[in-house]
Amino acid sequence: MARTRSSGRWLAEHFNDTYVRQAQSRGYRSRAVFKLQEIQFRDRILTPGMTVVDLGAAPGGWSQFAADQIGSGGNVVAVDILPMDPLPGVTYLQGDFTEDRVWQNLCALLGETPVDVVLSDMAPNLSGNRSVDQPRAMYLAELALDAAEHLLTEGGCFLTKLFQGEGFESFQKRLRGRFTKVATRKPKASRSRSREVYMLAQGFKS
C-alpha cells in the first residue's frame, strides 16, 4: 500500500523525534516511557515494593519503567489485548480486562495483594474525526477508572491518558469524588499539538 503524504510526514517526524532516539538508545520499548518518567520525577507515584497494574500496557514501556522504580520487592501486572514480549519483574496477561474471564484471571494474579497504583496509557486508534475519537477516548478512560475503583487500596493512585474535549470536565469531577487530590499533567514528551494530557488522581477513597 502506498504511503500518503500525511503518513510520510508522520514517519519522518517519528524517526527524527528526540524521545524516539532516546528510547532506542536506552533500551526502552516506546517513547511514551518519558511521559511516565516526567510524572514520576515530579509526583513520586512509584516507590519500592508497590503493586502496580498497567492497563493497555503493550508494547510495555510503562511497565518496564514501573518495574525499575518499584524494584524486586514490588509487582507489576500488565494487561493488553495485544501480545507483549516478556519483561523482568512484570507479569503479563493478554486479553481484554473488561471481559469476565480476563478480569477474573487478573484478580487471581493479584490475590489478596493491595494495588497501590493503576496506570492507563490506553487510547483508541484515532481517525482524525474528533466527534468520533473523543467519545472513544473517554470510554477507555472510564473503563480504566472503573477497574481502578475495584482494584485500588485506600490512598492509592490512578494515572490515565485523556484528550481535552467533551466529557473531560465530567470525568475530572468523578475523579474528585473518589480521590483526595487530582491534577492534570502535560509531559514534555507529549507532542505540543496534541490534545493529550494525563490525569493524576491520588489518595483513593475506597
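Modeller: A residue counts as buried when its relative accessible area is under 20%. This is a predicted model, and of the 206 residues of the protein chain, 48% are buried by that cut-off.

Colleague: How many helices and strands does the protein chain have, and how do the elements run?

Modeller: The protein chain has seven helices and seven strands. Starting at the N terminus, the order is α-α-α-β-α-β-β-α-β-α-β-α-β-β. Contacts can also be sorted by their separation in sequence. Among the contacts in the protein chain with a separation of 6 or more, 62% are between residues 24 or more positions apart.

Colleague: Which residues have the most contacts inside the largest nonpolar core?

Modeller: The general idea comes before the case. In soluble globular proteins, nonpolar side chains tend to be buried together. Here the largest nonpolar core has 34 residues, and Val 118, Phe 158, Leu 175 and Phe 179 have the most contacts inside it. Helix α6, residues 130-151, gives the most to this core, with nine residues. Another core, of 28 residues, lies apart from it and includes Phe 34, Ile 45, Val 52 and Trp 62.

Colleague: What is Phe 158 in contact with?

Modeller: Neighbours within four places in sequence are left aside. Beyond them, the contacts of Phe 158 include Val 118, Leu 175 and Phe 179, which are also listed with Phe 158 as having the most contacts inside the largest core. Ala 141, Ala 144, Leu 145 and Ala 148 are among the other residues that Phe 158 contacts.

Colleague: At what angle do helices α5 and α6 pack?

Modeller: A helix pair can be read by its angle, its axis distance and the residues in the contact. Helix α5, residues 100-110, packs with α6 at an angle of about 35°, and their axes are 13 Å apart. The crossing of α5 past α6 is right-handed. From α5 the contact takes Trp 103, Leu 106 and Leu 110, and from α6 it takes Ala 147, His 150 and Leu 151. Five of these residues are nonpolar, one is polar and none is charged.

Colleague: Why is helix α3 said to be largely enclosed by the rest of the structure?

Modeller: Burial can be counted along a helix. In α3, residues 33-43, eight of the 11 residues are buried, so the helix is largely enclosed by the rest of the structure. The buried residues are Val 33, Phe 34, Lys 35, Leu 36, Gln 37, Ile 39, Gln 40 and Asp 43. Just after α3, Arg 44 has a positive phi of about 55°.

Colleague: Is Lys 161 buried or exposed?

Modeller: Lys 161 has a relative accessible area of 10% and is therefore buried, the cut-off being under 20%. Lys 161 is part of strand β5, residues 152-163. Its side chain makes a polar contact of 3.3 Å with the side chain of Asp 121, and another polar contact of 3.3 Å joins it to the side chain of Glu 196. Residues up to four places away in sequence not counted, Lys 161 also touches Ser 120, Met 122, Ala 123, Ala 141, Val 197 and Tyr 198.

Colleague: Where is Gln 172 found, and which residues does it touch?

Modeller: Gln 172 is in helix α7, residues 168-178. Its relative accessibility is 14%, so Gln 172 counts as buried. Distance in sequence and distance in space can be set side by side: Gln 172 and Leu 200 are 28 residues apart in sequence and 9.9 Å apart in space, C-alpha to C-alpha.

Technical notes
Residues numbered from 1 in each chain as written. Predicted model: local features only at pLDDT ≥ 70, side-chain atom pairs only at ≥ 80, totals over all residues. Heavy atoms only, no water. Helix = DSSP H or I, 4+ residues; strand = E, 2+ residues; numbered from the N terminus. Buried < 20%, exposed > 50% of the residue type's maximum accessible area, 1.4 Å probe, protein only. Polar contact = N/O pair within 3.5 Å; in protein donor to acceptor, adjacent residues only side chain to side chain. Contact = heavy atoms within 4.5 Å. Core = buried A, V, L, I, M, F, W, Y, C linked by side-chain atoms within 4.5 Å. Axes fitted to C-alpha atoms, helices over the stretch in contact; angles between N-to-C directions. Left-handed = near helix turned anticlockwise from the far one by under 90°. Nonpolar A, V, L, I, M, F, W, Y, C, P; charged D, E, K, R; others polar.
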